[in-house]
Amino acid sequence: MPEPARPAALADIDLSDLRFWSGPPGERHEAFARLRAHPPVYFAEPDLAPIPRGPGYHALVRHSDVVAASRLPSVFASEPSAISIPDMPREFNEFFGSMINLDDPRHARVRRVVSRGFTPRMLAKIDGDIARIAARIAAELPAKGDCDFVAEVAAPLPLAVICDMMGIPESRRAMVRENTAIVLAGADAEFLGGDGDAAAHRLLTAGGELAGLLGELAAERRRTPVDDLTSALVNADIDGEALSDQEIGSFFILLAVAGSETTRNAISHGLALLTDHPDQRALWWADFEAHAATAVEEIVRHASPVTWMRRTLTRDHELNGHHYAAGDKALLFYASANRDEAVFTDPDRFDVTRSPNPHVGFGGPGPHYCLGAHLARREITAMFRELHRSAPGIRATGEPRRLVSDFLNGIKTLPCAA
Ligand code: HEM
């Protein structure tokens, strides 16, 4: 479908151009505010050669559109892919085709099995681990002096938690960290290099190594189950059906990338926000527990670590006065919905007491709502609680170095002093 003409007021905006995503965040927020004033705009797809370029996508930028589409998974489907604009070649789906890219009934089946690892009982059990790891990280910080907050604080906790849950041995964690960074780096040149074929190769190699690690672990747990999520998955039997090795491998990749990079970016944005808003930091620090719940939600809203998810129309449909045709792609821009002035008063303001805060940082209401949302909240809260306790003067001492990606609002490095 040819790209329909864009209103003149929006002619300078191209969400498919990486230059848009490498510019200052303030310019992006201003552009999204202009987009929200119009019906959803249709964009041509980015050039991701050698992957063939698809027909384009509708950009859903208003909170009401994102919520309505999330609520209608039978029309706005997650198959064939929720995490890439083009339909990925088959070999990608082998590693990256977990439930986030599935619709019911297959989605519901996998989600039922893996949800067992995320019940309040399981989370309560892992709470002790989270607090212990966060306390160690924070306690070691003052002695480090000036350092990179991402490497020293934000990155280690979420990955350690996922690895603990799955039962990944300490010796393999550096490999997991490296490969998850490659999988989620998207178009960032530093990770993937400029050449499309080489980038695809690195991505598949990273996926293969992660899946291979889980294959080994799954075989071990089949022989000798222990009290971890991998054992629960390999021995899961839902309606007579167990998860296949491929499902377990791709679920682990989903967890490792969805659970670690997102949370680490939320924590990094949290420090940058508290540094830029000393009044909000003083307010939170004055009574940590009283404001923790709203502060953590506000960090996720303001940062929106995941910028969008994709849906594909299963049939012609009219939504909020806009027509979508069967087969059309729609990107649900959480980053824009979370700044929608129709829902949030003074949306650019960072307000640790904001309530209500119906943000869609963990996705809109629907079957794919982030499975790890509670876990992420616990991790972010625990990390800031321990920083408040052991390194209360922690602050960013320079600008964040940002990941150039349309998909993730990532921070690669953030200089800090405790
Ligand atoms: C601040 C941190 C996080 C953010 C911002 C985030 C965001 C999201 C978003 C936007 C979705 C897609 C929702 C949709 O398509 O409707 C999602 C799905 C998912 N997330 Fe998270 N997430 C975070 C942390 C985590 C953690 C810690 C885990 C697990 C350890 C996790 C596991 C998942 C999984 C498994 C899905 C797929 C659910 C499904 O398809 O049913 N996430 N997340």
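Biologist: By class, how many nonpolar, polar and charged residues does the shell around the ligand have?

Modeller: Keep in mind that this is a predicted model. By class, the shell around the ligand has 18 nonpolar residues, eight polar ones and two charged ones. There are 28 residues around the ligand, and the ones that come nearest are His-107, Arg-111, Arg-311, His-368 and Cys-370.

Let's go through some atom pairs. Start with His-107: an N or O atom in its side chain is 2.7 Å from an oxygen atom of the ligand. Now look at His-368, where an N or O atom of the side chain is also 2.7 Å from a ligand oxygen atom. With Ala-258, the backbone is involved: one of its N or O atoms lies 3.5 Å from a nitrogen atom of the ligand.

Next, zoom out to the elements. Those that give two or more residues to the shell are helix H5 (106-115), helix H13 (245-276), strand S5 (308-313) and helix H17 (373-390).

Key. Residues numbered from 1 in each chain as written. Predicted model: local features only at pLDDT ≥ 70, side-chain atom pairs only at ≥ 80, totals over all residues. Heavy atoms only, no water. Near = heavy atom within 4 Å. Polar contact = N/O pair within 3.5 Å; in protein donor to acceptor, adjacent residues only side chain to side chain. Helix = DSSP H or I, 4+ residues; strand = E, 2+ residues; numbered from the N terminus. Nonpolar A, V, L, I, M, F, W, Y, C, P; charged D, E, K, R; others polar.
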